[in-house]
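Visitor: Kindly take a close look at one part of this model, and then relate what is found to other parts of the fold.

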Amino acid sequence: MRNFGKTDMKIKRVGFGGIPIQRITQEDTNKVIDELVNQGVNFIDTARGYTVSEEYIGNAIEGRRDKFYIATKSMSRNYEDMKKDIEISLKNLKTDYIDLYQIHNLKEDEYNSIFDDNKAYRALLEAQKEGKIKYIGITSHSLETIKRAVEDEKFDTIQFPYNIVEDQADEVFQIAHEKGIGTITMKPLAGGAIDDGALAIKYILSKDYIDVAIPGMNTVEQVIENVSVIKDVHLNEDDNKKIEKIRQELSGNFCRRCEYCMPCPNNVNIPQNFLLEGYYTRYNLKEWALERYESLGNAKASECIECGTCETKCPYNLPIINMLKNACEKLENK
């Protein structure tokens, strides 16, 4: 257990990511939550956008709410919509308060306006005063957004992708930790790209400035394996060799969502297409990924005109055009 930033929460360093329970039943979710209790895992992260996830979790924790700190999040950006989402979350999770409510996946160009009177942050502050939420957090795939959040100190926690092949937020996490801002790492297995889950989590927890990793889990076995890592988070020579091998294997075709490839001249949302392809292929969240892919409209992978501008800007020299073709094949030619 460790103190979670400056909050009054004391959490286990392996938490529960609520994305993949969308593909299992309520009964199986109950078993997973039972094992969280057995293993002493007390931090659960979900979101309004994860279809049935909040509801499944709410049903599973009923009668034992005191055993968990609950974090959820909303994509709503304006005041009224955020107020509605908070109420829906409270109802779904069957609770009268939520420990951590996060603005979900905030983009850099949205950051300045989020604090206006008609925007979401005001709704969160009001809910906090009313006792409906305790703390306010932010999640993003934009490094610049997270940097600004840490500088401004308007959020109690930050959540950002971090794993063996995505460590671009390393310095930001360190600064946040020094300031007492809670640090949450999502995508600890790089969206399912890393097969060795135990090593992936061990790598993250070897960094003392990271409070909690939240791997998505949908089986009892996954919970047991992931929590077992906590016993020893020191990386040995063999671990480091395996880590370097994973980096080399994934370096040629893995998008780190740094967004240096953006903007696309034809408005394709390059990182988002790769993210959704990963959910479709590796997380097996096919319907969920396809629904969000359709919502991209003219920003879909199929809108790529192969001008190559993105590839000249990518610091990792990724074959973006071919990767977009692959995403299109998976998400459109079903």
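**A helix residue and its setting**

Guide: Asp34 is partly exposed, because its relative accessible area of 34% falls between the limits of 20% for buried and 50% for exposed. The model is a predicted one. Asp34 belongs to helix α1, which covers residues 26-39. Along the chain, Asp34 and Ala60 are 26 residues apart, yet their C-alpha atoms are separated by 8.2 Å.

The sheet is considered next. Eight strands make up an open sheet with parallel pairing, in the order β3-β4-β5-β6-β7-β8-β9-β10. At its edges stand β3 (16-17) and β10 (212-213); each has a single partner strand, so one side of each lacks a neighbour in the sheet. Within the sheet, β7 (residues 133-139) runs parallel to β8 (residues 157-161), and three bridges join the two strands. Ile138 is placed opposite Ile158 of β8. Helix α5 (residues 143-152) packs on the sheet, where it touches β7 and β8, and its direction makes about 160° with that of β8.

The buried residues of α13 include Ile320, Ile321, Met323, Leu324, Ala327, Cys328 and Leu331. Viewed down the axis of α13, its buried residues fall within an arc of 160°, so they line one face of the helix. The cover over the buried residues of α13 includes α10 (270-281), α11 (286-294) and α12 (309-313).

Key
Residues are numbered from 1 along each chain as its sequence is written. This is a predicted model: local features need pLDDT of at least 70, side-chain atom pairs count only at pLDDT 80 or more; totals for chains, interfaces and linings use all residues. Side-chain values use heavy atoms; hydrogens and water are left out. Two strands pair if DSSP finds at least two bridges between them. Helices (H or I, at least four residues) and strands (E, at least two) are DSSP runs, numbered from the N terminus. Contact means heavy atoms within 4.5 Å. Axes are lines fitted to C-alpha atoms, for helices over the stretch in contact, and angles run from 0 to 180 degrees between N-to-C directions. Buried means under 20% relative accessible area, exposed over 50%, partly exposed in between (1.4 Å probe, protein chains only). The arc is that of the directions from the helix axis to the C-beta atoms.
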